[in-house]
Amino acid sequence: MTNNNTISLPDLARAIYTVNRHAKTAPEPQHLYFIKKETIKRLLKEKHAKKIGLHFSEHPKLSNQHSTLLVQVDDYYFHIPPTKEDFQNLKHLGKLDRDFRNPQTKMSLSQAKKIIYQYIDWKPASKKPNKTRQYSSSYFTPSSLGKMEWPPRKTFR
């Protein structure tokens, strides 16, 4: 855990809010939802967030109703998947109250991710360097006579 003490709870809550807002419209939101969940789990462990109760989900999976865990971080509320213990220990609040909204905030996604990455000490997986691409064309197939490299890399002048 590096520099967790320098990140304020309101900034972290705003960062989670921003990541969550972008995840709802992202074409591939898995990573955004993952870092949101990891951040909230760590906040719960450190007692900086509070479990409020369970809500029925707005989007049932395969027409089966399921519940989500409502968590409070500073002045913001978020939903994450519940654990088995949550069903045993927390009150079910029923249907989601659509009148309630989190406070609006302005923060860029890149800044929000930077704050969250610093908090959860997340490092991106190292990318393997791409191998040099072989030239391919549907119009020309280089011959193997003389083991010529294509495209030519050396000029003979």
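I started at Leu12: skipping its neighbours within four places in sequence, I found Leu12 in contact with Ile7, Thr39, Leu43, Ile115, Ile116 and Tyr119 (contact is heavy atoms within 4.5 Å).

Housekeeping: this is a predicted model, where local features need pLDDT of at least 70, side-chain atom pairs count only at pLDDT 80 or more, and totals for chains, interfaces and linings use all residues. Residues are numbered from 1 along each chain as its sequence is written, and side-chain values use heavy atoms, with hydrogens and water left out.

Next I looked up the core. The largest nonpolar one has 27 residues, and Leu12 is among those with the most contacts inside it, including Ile40, Val71 and Phe78. Such a core is a set of buried Ala, Val, Leu, Ile, Met, Phe, Trp, Tyr and Cys residues joined through side-chain atoms within 4.5 Å; buried means under 20% relative accessible area with a 1.4 Å probe, protein chains only. α1 gives the most to this core, 7 residues.

Then the sheet. I see 3 strands in an open, antiparallel sheet, ordered β1-β2-β3, with β1 (49–56) and β3 (76–80) at the edges. Helices (H or I, at least four residues) and strands (E, at least two) are DSSP runs numbered from the N terminus, and two strands pair if DSSP finds at least two bridges between them. β2 (residues 67–73) is joined to β3 by 5 bridges, and Val71 stands opposite Phe78.

Last, the helix: α1 (residues 9–23) lies across β2 and β3, at about 50° to β3. Axes are lines fitted to C-alpha atoms, for helices over the stretch in contact, with angles from 0 to 180 degrees between N-to-C directions.

Methods
Buried < 20%, exposed > 50% of the residue type's maximum accessible area, 1.4 Å probe, protein only.
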